[in-house]
Amino acid sequence: MQMTEENLRGLFGRMTGDEKHGWAAASTLHAIWVLYERVLNVSPSNIEDPDRDRFYLSKGHGPMAYYAVLAAKGFIEPETLDTWRQWGSPLGMHPDRNLAPGVEISSGSLGHGLPLGVGTALGLRAQGRDARVVVLMGDGEFDEGSNHETMAIAGRLGLGSLTAVVIDNKTASLGWPGGIAGRFEQEGWAATTVDGRDHDALEKALTGETDGRPRAVIAEILPIEEGSTA
């Protein structure tokens with residue numbers, strides 16, 4: 001069956017139950033789908049290849065969209081989505097790299113994903129590999145000091161293989177005067193702000209030529225009506 005956005009929403013909808021982070025998951029659906037459908041060189045067939053691209057879900061407290069995309073791309077069986085929130089399911093409330101096929105890092109504690117991404121990018125550089133490392137974050141993660149230290153070192157080391165995708169739904173406690181993109185630019189990153197539901201704009205921002213600086217794509221996406229994943 002050819003995968004479409006409609007089918008993807010159907011996969012998302014198979015995960016039912018009381019989930020306080022449902023919107024946190026729905027807001028990432030577009031960005032994760034574009035990454036796996038149009039950008040990343042990673043698939044079930046090359047998941048053990050050291051030259052594959054890496055995707056790190058730092059916003060691990062809302063993994064439902066991630067699981068839906070992994071099912072759409074063949075990493076996990078669609079039927080596994082039906083076990084969401086059941087005892088013994090490999091699909092935890094936070095993704096576990098030891099349980100869920102295709103998951104690269106166990107995450108959910110905010111402020112960890114970007115530091116892990118920097119470490120991976122440095123390791124790949126040392127090995128002479130060109131693989132990309134993409135970290136998806138939420139705007140609320142910038143309340144964590146670890147991210148600011150990581151942004152600084154990534155810019156100064158010129159980690160061009162590293163990309164941060166930030167889902168900005170304007171709900172962060174502190175926020176940033178002038179916007180999140182400006183904060184990255186101050187630390188030597190190339191930053192772009194796009195409509196987080198515009199797949200073509202996301203793809204362009206994620207694949208356009210860079211000058212060797214790490215890349216930040218700020219995906220602005222505001223809350224929608226409850227129960228929708230549009």
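Predicted model: local features only at pLDDT ≥ 70, side-chain atom pairs only at ≥ 80, totals over all residues.

Colleague: Okay. How many helices and strands are there in the protein?

Modeller: The protein has eight helices and five strands. Going along the sequence, the order is α-α-α-β-α-α-β-α-β-α-β-α-β.

Colleague: And what share of the residues is buried?

Modeller: Buried residues are 50% of the 230 in the protein. The accessible surface is about 10,500 Å², and carbon and sulfur atoms account for 47% of that.

Colleague: Of the contacts between residues at least 6 apart in sequence, what percentage join residues at least 24 apart?

Modeller: That comes to 76%.

Colleague: Let's go inside. How many residues are in the largest nonpolar core?

Modeller: The largest nonpolar core has 46 residues, and I32, Y36 and F55 have the most contacts inside it. Helix α4, residues 64-72, is the top contributor to this core, with nine residues.

Colleague: Which residues does F55 touch, leaving out those up to four places away in sequence?

Modeller: With those left out, F55 touches I32, L35, Y36, L40, Y66, E104, V134 and L136. There's also another core, apart from the largest one, with 24 residues, including I105, A154, L159 and F184.

Colleague: New topic, the surface. Which residues form a nonpolar patch there?

Modeller: L122, I153 and L157 form one, and together they have about 220 Å² of accessible area. I153 sits in helix α6, residues 145-157.

Colleague: Is I153 exposed or only partly exposed, and why?

Modeller: I153 counts as partly exposed because its relative accessible area is 40%, and that class runs between 20% and 50%.

Colleague: Now R52. Where is R52?

Modeller: R52 is in the loop between α3 (29-39) and β1 (54-57).

Colleague: Does R52 count as buried or exposed?

Modeller: R52 counts as buried, because its relative accessibility is 11% and the cut-off for buried is under 20%.

Colleague: What does the side chain of R52 reach?

Modeller: The R52 side chain reaches the backbone oxygen of D49 at 2.9 Å. Not counting residues up to four places away in sequence, R52 touches N41, V42, N46, I47, E104 and A131.

Definitions and conventions: Residues numbered from 1 in each chain as written. Heavy atoms only, no water. Core = buried A, V, L, I, M, F, W, Y, C linked by side-chain atoms within 4.5 Å. Buried < 20%, exposed > 50% of the residue type's maximum accessible area, 1.4 Å probe, protein only. Helix = DSSP H or I, 4+ residues; strand = E, 2+ residues; numbered from the N terminus. Contact = heavy atoms within 4.5 Å. Patch = residues over 30% accessible without salt bridge, like charges linked within 9 Å, V, L, I, M, F, W, Y side chains within 5 Å. Areas by Shrake-Rupley, 256 points an atom, 1.4 Å probe, with all protein chains shown as cover. Salt bridge = Lys/Arg side-chain N within 4 Å of Asp/Glu carboxyl O. Polar contact = N/O pair within 3.5 Å; in protein donor to acceptor, adjacent residues only side chain to side chain.
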